[in-house]
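Biologist: I would like a close look at one part of this model. Please take the structure below and go through it step by step.

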Protein chains: 2
Amino acid sequence: MPNLPISNRIRELRAQHGEMTQQELGRLVGVTRQTVNAIELGKYSPSLEVAFRIACVFKQPLEAVFHYEPGP
Amino acid sequence: MPNLPISNRIRELRAQHGEMTQQELGRLVGVTRQTVNAIELGKYSPSLEVAFRIACVFKQPLEAVFHYEPGP
DNA sequence: AGATAATGTCAAATATTTTTTACATATCGA
DNA sequence: TCGATATGTAAAAAATATTTGACATTATCT
């Protein structure tokens, strides 16, 4: 399951938002800190809804947070 | 699970792409036609990766295919 | 040193997505 | 009318995402 073709800027965006913690982001999004951690580290593909909610917290379009890099 | 805050334009985009069938879209995306049908009808939130692959088939940004409409 | 907070990880349980198989309906041509 | 195709649906199984509880490490602060 690892090695997703999707990267993200969650860590960077958390830093830009007052050093927001994974726990705080999880609280705002409605998931646990472990889930935030796993998504941030690219351990699996989140649901589209969770992805949208994360982007929403940072007031960014989804594609400014998650990038799709399809393999060859 | 139903009643997602996410809508999509898959049916419209299939029509614009030579009346592409759900089965053909599923084949191009790598999921079954039942999965395409369920996503198209908004029965559940697909994985972010499947959402990206669908947008990719239509050569559209993800947010041109799926729209997030958060509740109040 | 001790306490606290943040992060990474893990295993087991739960929830959700996706597949598989199957059936029903509707439409379109031959 | 018959056969083929497209779509909607459903139930069970499989795969994947998410939660829960726990423990370790690192950094920071007093």
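Biologist: Which of the 21 residues around DNA strand C come nearest? Please describe that surface in detail, and then how the two protein chains that form it are put together.

Modeller: This is a predicted model, and what follows should be read as such. Of the 21 residues around DNA strand C, those that come nearest are Q22(A), R33(A) and N37(A) from one chain, with Q34(B) and T35(B) from the other. Three helices each supply at least two residues of this surface: α1 (10–16) and α3 (33–40) of chain A, and α3 (33–40) of chain B. By residue class, the surface near DNA strand C has 10 polar, six nonpolar and five charged residues.

K43(A) places a polar side-chain atom 2.9 Å from a phosphate oxygen of DNA strand C.

Now the protein pair itself. In the contact between the chains, 17 residues of chain A meet 17 residues of chain B. The two chains bury about 1600 Å² between them, and 73% of that area is on carbon and sulfur atoms. On the chain A side, L48(A), F52(A) and Y68(A) supply 41% of the area buried against chain B, more than any other three residues. The elements of chain A that give two or more residues to this side are α4 (48–57), α5 (62–65) and β2 (66–68). Of these, α4(A) provides the largest share, six residues. The side of chain A that touches chain B divides into 12 nonpolar, three charged and two polar residues. Between chain A and chain B there are zero salt bridges, while seven residue pairs are in polar contact.

Finally, the symmetry. Chain A superposes on chain B by a rotation of 180° with 0.0 Å of shift along its axis, at an RMSD of 0.0 Å. That is the relation of a two-fold axis. Of the interface residues of chain A, 100% are also interface residues in chain B, so the copies meet through the same surface.

Note on methods: Residues numbered from 1 in each chain as written. Chains lettered and ligands numbered in written order. Predicted model: local features only at pLDDT ≥ 70, side-chain atom pairs only at ≥ 80, totals over all residues. Heavy atoms only, no water. Near = heavy atom within 4 Å. Polar contact = N/O pair within 3.5 Å; in protein donor to acceptor, adjacent residues only side chain to side chain. Helix = DSSP H or I, 4+ residues; strand = E, 2+ residues; numbered from the N terminus. Nonpolar A, V, L, I, M, F, W, Y, C, P; charged D, E, K, R; others polar. Contact = heavy atoms within 4.5 Å. Buried area = accessible area lost by both parts, 1.4 Å probe. Salt bridge = Lys/Arg side-chain N within 4 Å of Asp/Glu carboxyl O. Least-squares fit on C-alpha atoms with pLDDT ≥ 70 in both.
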